[in-house]
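Open the model in your viewer and keep the sequence panel beside it. The tour goes stop by stop, with something to select at each.

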Amino acid sequence: MKQFQYMRPTKQKAATDAVAKDPTALFIAGGTNLIDLMKREVMQPEKLVDINMLPLKKIEQRNGSVRIGALVSNSAVAEDRLIVEKFPLLSQALVSGASAQLRNMATVGGNMMQRTRCYYFYDTALPCNKREPGSGCGAIEGINDQHAIFGFSENCIAVNPSDMSVALAALDATVLLSGPKGERRIPFIDFHRLPGDQPEVDTNLMRGELIVAVDVPESPYAQNAHYLKVRERASFAFALVSVAAALDIQNNTIQSARLAMGGVAHKPWRLFDAEKALAGKPVSEESFWQAAEVAMRGAKAFEHNAFKLKLAPNSIVQALKTAAGIA
Ligand SMILES: Cc1cc2nc3c(=O)[nH]c(=O)nc-3n(C[C@H](O)[C@H](O)[C@H](O)COP(=O)(O)OP(=O)(O)OC[C@H]3O[C@@H](n4cnc5c(N)ncnc54)[C@H](O)[C@@H]3O)c2cc1C
């Protein structure tokens, strides 16, 4: 690991100024992703700005939403009474990730910012446009079983590994950011980017901007929600495909739906057209298969991940059935 400077500010402005002024500086929260990447020399910040002294560790009920501070640990969010009651989808997604020890350290902001698990990104001997722009994408012609089937580019076919982000994308969350130019809010679904010709940029966060909190609006989806994660091992593994499914059901009719997938794209993949296809339909396996067919339009596989073209629609139907209570 390369040497680095370390600071631990107690004021938010000092933290954001430090990162804004120094292009080699990065925030550090739980450290469970960044330290790994530094040890492997995939990321080499020269300064770490530890944000753990900042007062961003609260979960608060607000008017019509719940605000989750960026430094709340993944386990604290998953176990919180308000979250379990109002957003079981988020709690399930968090519990499906990593291990208990990691969830105790990992934070909301760090989870949103975690980097891809693409083998080529992690191995500094191999080409990767995300790690080293212009070096090429090793995965396109290489081992691509874990990779994207939606939204990829000729420069990058990596996927976003976060489970929490799939649930937050489905739940219409908003991200609260604070930086040198003040505060701003962006919809969660606009926080992460598709790779395009700049795969090294994962998100729309600007230099020096800090994730302060995530607001999750109250919704009618708590009763019928399910996060399904399909992976190679029963625990401690990233999603091959995951589905966040939430339904508002009245008299056996779907009033509205929220659906997003993980493990299939460079960002949490919200399925707006499939949601529209579900609205007004009866709760039935047939309705769910129709939505899955709509969701899969435009999907394209590479040499080793064609199984996702079948796994993804099967997972959508299974997640919807479980959410609806007809599994
Ligand atoms: C073995 C293993 C298994 C895992 N399995 C899963 C899994 O199945 N599912 C899953 O979703 N995740 C999984 N993870 C990833 C884990 O969830 C992340 O490592 C964790 O959420 C990162 O949070 P952190 O606070 O430790 O981030 P850090 O490592 O501290 O930071 C990560 C990045 O976020 C930035 N950052 C942190 N906080 C902020 C902020 N407030 N504002 C702006 N930038 C910020 C940092 O600069 C850094 O670039 C796994 C990790 C490991 C090591």
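Two strands count as paired if DSSP finds at least two bridges between them. Keep that cut-off in mind for the sheet below. Remember too that this is a predicted model.

Stop 1: Select strand β11, residues 253-262, together with β12. Two bridges join them, and the strands run antiparallel. Find Met261, then look across to Trp269 in β12, which stands opposite.

**Stop 2**

**Stop 2: Phe302.** Step back to the loop between α11 (285-295) and α12, where Phe302 lies. Is Phe302 buried or exposed? Its relative accessibility is 14%, and buried means under 20%, so Phe302 counts as buried. Select its contacts beyond four places in sequence: Ile140, Asn144, Ala148, Phe152 and Ile157. Phe302 and Ile140 are 162 residues apart in sequence, yet their C-alpha atoms are 7.3 Å apart in space.

**Stop 3: Asp163.** Go to the loop between α8 (119-122) and α9 (164-170) and pick Asp163. At 7% relative accessibility, Asp163 is buried as well. Show side chains: that of Asp163 makes a polar contact with the side chain of Tyr227, at 2.6 Å. Apart from residues up to four places away in sequence, Asp163 touches Ala93, Ser96, Gly97, Tyr227, Lys229, Ala239 and Ser242.

**Stop 4: helix α1.** Select residues 12-21, helix α1, and colour its buried residues: Ala15, Thr16, Ala18 and Val19. They cover an arc of only 155 degrees around the axis, which puts them on the same side of α1. Where do these buried residues pack? Their partners are β1 (5-7), β2 (25-28), β3 (47-50), β6 (174-179) and β8 (210-217). The face away from the buried side carries exposed Lys13 and Lys21.

**Last stop: the annotated region.** Select residues 1-221, where an unreviewed UniProt entry places the feature "domain: FAD-binding PCMH-type". Over this range the chain is 27% helix and 18% strand. The end C-alpha atoms are 45 Å apart.

Note on methods
Residues are numbered from 1 along each chain as its sequence is written. This is a predicted model: local features need pLDDT of at least 70, side-chain atom pairs count only at pLDDT 80 or more; totals for chains, interfaces and linings use all residues. Side-chain values use heavy atoms; hydrogens and water are left out. Buried means under 20% relative accessible area, exposed over 50%, partly exposed in between (1.4 Å probe, protein chains only). Helices (H or I, at least four residues) and strands (E, at least two) are DSSP runs, numbered from the N terminus. The arc is that of the directions from the helix axis to the C-beta atoms. Contact means heavy atoms within 4.5 Å. A polar contact is a pair of N or O atoms within 3.5 Å; within protein, one must be able to donate a hydrogen and the other to accept it, and residues adjacent in sequence count only if both atoms are side-chain atoms. UniProt positions are given in the numbering used here, feature names are shortened, and annotations may be inferred rather than shown by experiment.
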